[in-house]
Amino acid sequence: MGASTGKPRPIVVSGGGLAGNLAAISLANSLGQGFEIIQIMEPGAPPEDLVYGHAADPEIYNFLRRAGLGEPALILATGTSFSYGTEYRHWPGSGGWMQCHHAPFPTIAGIPLRHHITRAGLALEPFLISAQAARAGRFAHPPSDPDNDLSGAEYGYQFDPAEWTAQLDQLVAGSRVRRITSPIVEVAIEDGLVSAIQLENGQTVTADLFIDANGPSRRIIEAAGGRFRTERTIRAGLSVRETQQPGPPCLTIEADAAGWTSKAHLQTAERMIRVGADDAGAEAPSAVSIALGELSEAWVGNCVAIGHAASVIEPLTPAPMIMLRRDIERLLELVPASAGMTVERREFNRRFLEDVEHIRIFHDALFLSVSAPEEPYWQAAAASTENAKLQRKISQFGNRGILTSYDLEPFNEEDWTIAHMGLGRRPEHYDRQIDGLAAAESDQALARMKQSIRQLVSKMPPHNVYLNRFKQYLRRQNHA
Amino acid sequence: MPETRPPAIRQIVIVGGGSAGWMTAAALSSLLPADQVGISLVESEQIGTIGVGEATIPDIINFNALLGIPETDFLKATNGTFKLGIRFLNWGGLGEDYIHPFGQHGVDMNGIDFHQFWLRYKADHPGSTIEEFSLSAVAAKSGKFTMPDANPRSVLSQLRYAYHFDATAYAAYLRNYAEQRGVQRIEGRVTEVHQDAQTGNITAIDLDNGQSVAGDLFFDCTGFHGLLIEKTLGVPFRDWSHWLPCDTAQAVACERGDAILPYTVSTAKTAGWQWRIPTQHRTGNGHIYASHLLSDDEAIDSLLKDLDGDVIGSPRKIRFRTGHRAKFWEKNCVAVGLSGGFLEPLESTSLFLIQEGISKFIALFPAADMPSVVRDEYNRQLVKKFEQVRDFIILHYKATTRDDSPFWNYTRTMDIPDSLTDRIELFREAGRVFRYEDELFSKPSWVAVMMGQNIVPKSIDPIVRTVDPAGITRSLQSMKSAMTSAVSNMQTHRAFLETYAWSGKDAERGAGGER
């Protein structure tokens with residue numbers, strides 16, 4: 001093992017959309033001069049990719065910052081707004097709830113919040129600062145002081161993927177990534193490995209490792225032998241409406257008999273996605289048919305698929321963006337040290353499939369309470385919710401409010417608690433741990449908590465006011 | 001919300017004393033109000049206990065803290081000493097020597113694991129070992145000890161420790177604790193176990209003194225007998241001896257020298273290994289071996305030959321079976337300790353596994369109906385813990401170049417669980433270590449053992465290649481000198497103990513080994 005002195009090893013990223021740009025800049029930032037990063041792009045703007053949806057979870061903050069795209073740039077240069085989560089309305093089997101992001105819930109006398117709430121027969125939402133603020137349309141950055149209730153209010157973003165792609169485009173252009181703009185003519189395979197990519201401009205690009213970020217065309221990974229499994233298909237269309245000022249700091253998803261409509265409240269636009277059954281006919285002019293599913297292996301030979309080339313997830317939660325982030329993180333952790341990549345490939349695929357499964361069970365959980373659906377969309381969505389891990393989560397929570405978790409799940413215990421309770425699941429029994437604490441004592445603590453959250457929310461500024469002030473502040477900083 | 005509440009548990013019966021029984025009794029009595037839940041513990045003075053595992057890992061500190069036990073009290077009562085890690089001799093190959101310390105090596109920088117920087121550093125400094133960068137290891141090798149500093153800026157904040165102690169004395173200490181909190185100790189041997197004809201639940205046990213003890217919930221702490229879980233409920237055992245072929249131990253105590261080492265020693269032998277555990281008043285020793293490859297007499301000779309002080313008493317033989325119950329919790333019976341499962345104490349996990357059995361039970365504390373969903377979750381979590389510890393222990397046997405006996409030829413070439421193969425290969429490729437979320441052994445532990453037993457990465461993580469090697473050398477050398485100077489200011493372990501928690505007891509003669 002010596003210092004790397006030889007010629008830089010090339011890594012090719014194919015694709016110029018959100019996935020391609022994020023992968024290219026992340027690789028260039030993380031890997032040293034021992035690697036050359038080459039990005040191959042089709043000419044012209046990448047096509048609109050509505051399957052990323054418009055929701056990003058709180059963990060995207062650090063990920064984008066490491067890529068060089070900080071919050072100030074997102075807020076000043078794009079229409080990105082803040083998001084405490086997603087409000088589900090008229091959801092079958094439940095009515096509705098606020099699926100908010102939240103830091104680990106507080107405990108009372110060392111016992112988790114949910115047990116107190118279960119014993120008292122109360123709803124969860126009044127105790128969640130981010131849910132209350134979202135409903136009131138108010139926002140403020142969480143303080144670092146952990147004793148302040150607002151510190152629990154984690155937030156993500158409402159965003160337009162095309163705008164983020166454009167920002168990243170500038171970053172990549174100013175980086176050491178070597179870009180080639182020319183359509184792919186042929187992917188050459190030798191001994192099961194991608195040996196070269198032929199471009200229309202006559203260039204032949206060779207590399208040790210190829211990243212397929214070409215979206216559903218899967219141009220390279222399919223040539224390498226990757227196989228996509230379609231779980232079901234949906235029909236989705238995008239519409240955009242200009243607005244004067246942003247709406248609440250959360251997305252809304254409204255269900256109806258034929259499907260659902262999500263609405264994201266960006267700084268000067270509302271972006272809506274309509275999703276229904278595939279055979280329901282186009283409802284928006286731009287509606288397209290989308291195959292949901294994933295590759296049986298995302299890393300085949302020397303080719304790694306990321307983003308929609310690897311998995312296509314219904315944009316019902318921040319999951320599509322979570323998956324893209326995880327695809328890239330997994331790749332960075334496992335950039336192969338040598339040409340034989342068996343070990344890295346196996347670990348990558350294991351974790352890829354776990355991420356896919358863990359996201360799927362969270363989505364499936366949303367459809368479990370849809371009883372006897374007759375409409376085609378709901379029928380299809382509720383059809384395949386059999387999963388041992390999901391069954392365990394539901395039965396453990398339903399019995400005694402126990403949260404079963406698995407390794408490195410993308411949705412954490414707070415997400416699951418909020419979803420369970422939002423969907424109307426209540427533990428049959430409360431946890432015996434709590435018997436040691438008098439009900440009156442825990443009721444008092446709950447009342448205090450609720451009151452302090454109510455007061456805090458009333459002092460927070462409306463989302464639009466906060467955004468404007470924050471932008472003014474950032475501009476002053478930029479000048480200074 | 002109106003709730004149809006199943007009746008609460010009113011009476012808990014723990015069958016068997018020893019570490020498992022009294023740890024269970026102490027923990028339950030500290031949490032359950034004595035006026036609502038009765039706890040009794042049945043044990044017989046005629047049945048000896050196997051004081052399992054006097055060497056521990058840092059989690060024991062949490063257990064004592066949960067009970068509110070003052071550290072100095074505990075150390076005096078159990079002749080306890082401090083432990084900074086385990087020194088492994090002859091494991092990777094004959095003549096080899098490394099320490100698996102508690103706590104981490106060095107400091108992670110920019111989100112990159114420390115050992116990656118060290119691998120880069122080693123490329124230019126071939127003589128370097130990773131334990132030079134562990135404060136616990138450096139202090140251990142110098143025979144020194146001090147308390148960690150809570151201030152994260154201090155180099156002393158990196159120190160982690162556990163204890164060595166007399167497990168029989170610990171059980172006695174916890175007995176006193178539990179009895180003060182209302183646990184009723186009943187002397188007697190179990191003669192019969194009664195079960196409900198319909199549910200199969202255990203309803204009561206009869207004792208040889210004519211007494212009958214009824215309960216809603218029974219803990220089986222009867223050790224390898226498995227009186228309730230196996231003899232009564234017939235829960236099968238999953239045998240892991242094909243991965244861990246040792247099945248017998250010979251244990252004996254010896255006089256210790258003036259110094260007290262702040263670490264456990266594990267020396268690999270021809271067909272197993274020997275432990276050395278220093279307590280305040282003597283040294284515990286034991287030779288663990290595969291009985292089909294080594295006779296008892298040979299094992300005893302080898303044990304006695306390698307004592308570093310005069311022998312006290314004569315060796316005691318312990319037979320064991322490696323593996324675990326298919327279910328730790330069946331019907332209204334929970335098996336804690338050896339009745340639930342056994343893994344040789346190579347990484348000092350015996351008391352930890354008991355602790356997990358208790359704490360996971362407390363987290364899932366059931367009503368008297370004990371629904372199967374609660375039991376399933378308990379069983380799932382415990383099996384996972386056992387498997388994680390198992391893989392780590394197997395690593396020690398697999399990662400070796402020893403070919404000097406049939407024992408090592410077997411372990412070196414045996415098939416190992418896929419989960420472990422993947423881990424070893426990932427590390428060998430580029431030094432990558434992935435820790436599963438709630439795993440006991442941290443990344444530094446895996447790194448210490450893999451590096452210590454010659455699983456050397458073929459190359460370093462490409463991400464480290466961006467960092468300037470001169471900068472790495474500067475950072476590492478400053479870490480090293482900070483550690484060296486911190487250790488030079490520490491007292492010896494013995495001097496520290498003498499002022500902190502000296503029991504003042506002389507060596508007790510006559511008792512057998514420490515286990």
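Which elements of chain A cover the buried residues of α1(A)? Point 2 takes this up, after a word on the model.

1. Basis. This is a predicted model, in which local features need pLDDT of at least 70, side-chain atom pairs count only at pLDDT 80 or more, and totals for chains, interfaces and linings use all residues. Residues are numbered from 1 along each chain as its sequence is written, while chains are lettered from A and ligands numbered from 1 in the order in which they are written.

2. Helix α1 of chain A. The cover over the buried residues of α1(A) includes β1 (9-14), β2 (35-41), α2 (60-67), α6 (161-173), β14 (209-212) and α8 (319-333) of chain A. Helices (H or I, at least four residues) and strands (E, at least two) are DSSP runs, numbered from the N terminus. Of the 13 residues in α1(A), 12 are buried, among them A:L18, A:N21, A:I25 and A:S30. A residue is buried if 20 or more other C-beta atoms lie within 10 Å of its own, exposed if 12 or fewer, and partly exposed in between, with C-beta atoms placed from the backbone. The end C-alpha atoms of α1 (residues 18-30) are 18 Å apart, which agrees with the 18 Å that 13 residues should span at 1.5 Å a residue. That expected span is 1.5 Å times one less than the number of residues.

3. Chain A overall. Chain A has 14 helices and 22 strands. Its radius of gyration is 23 Å, in agreement with the value near 23 Å for a compact globule of 480 residues. The radius is taken over C-alpha atoms, and the globule rule is 2.2 Å times the number of residues to the power 0.38. The C-alpha trace of chain A spans about 75 × 55 × 55 Å along its principal axes. Buried residues make up 48% of the chain's 480 residues.

4. Chain B overall. Chain B has 15 helices and 23 strands. Its radius of gyration of 24 Å is close to the 24 Å from the globule rule for 515 residues, so chain B is as compact as a globular protein of that length. Of those 515 residues, 51% count as buried. Among contacts in chain B between residues at least 6 apart in sequence, 77% join residues at least 24 apart. Two residues are in contact if their C-beta atoms, placed from the backbone, lie within 7 Å.

5. Domains of chain B. Chain B is divided into domain 1 (11-52 + 166-240 + 323-370) and domain 2 (101-160 + 397-497). The bounds come from an automatic or database domain assignment. Taken over C-alpha atoms, the centres of these two domains are 38 Å apart.

6. Cores. In the largest nonpolar core, of 154 residues, B:I14, B:V15, B:A25, B:A139 and B:L174 touch the most other members. Helix α10 (residues 372-398) of chain B gives the most to this core, with 11 residues. Domain 1 and domain 2 of chain B each supply at least three residues to the core. A nonpolar core is a set of buried Ala, Val, Leu, Ile, Met, Phe, Trp, Tyr and Cys residues joined through C-beta atoms within 7 Å. A second, separate core has 122 residues, including A:V12, A:F348, A:F362 and A:A381.

7. Two residues of chain B. B:I12 is found in strand β1 (residues 11-15) of chain B and is buried, with 23 other C-beta atoms within 10 Å. Its contacts, not counting residues up to four places away in sequence, are B:L28, B:V37, B:I39, B:G215 and B:L217. The C-alpha atoms of B:I12 and B:G215 are 5.5 Å apart, although 203 residues separate them along the chain. B:S488 lies in helix α14 (residues 469-488) of chain B and counts as exposed, with 10 C-beta neighbours inside 10 Å.

8. Positive phi. A:R218 has a phi near 50°, a positive value in a residue other than glycine. A:R218 is buried, with 20 other C-beta atoms within 10 Å. B:N79, in the loop between α3 (71-78) and β3 (81-83) of chain B, has a phi near 55°. B:N79 counts as buried, with 25 C-beta neighbours inside 10 Å.

9. Contact between the chains. The contact takes 31 residues from chain A and 30 residues from chain B. On the side of chain A, α9 (342-367) and α11 (388-400) are the elements that give two or more residues.
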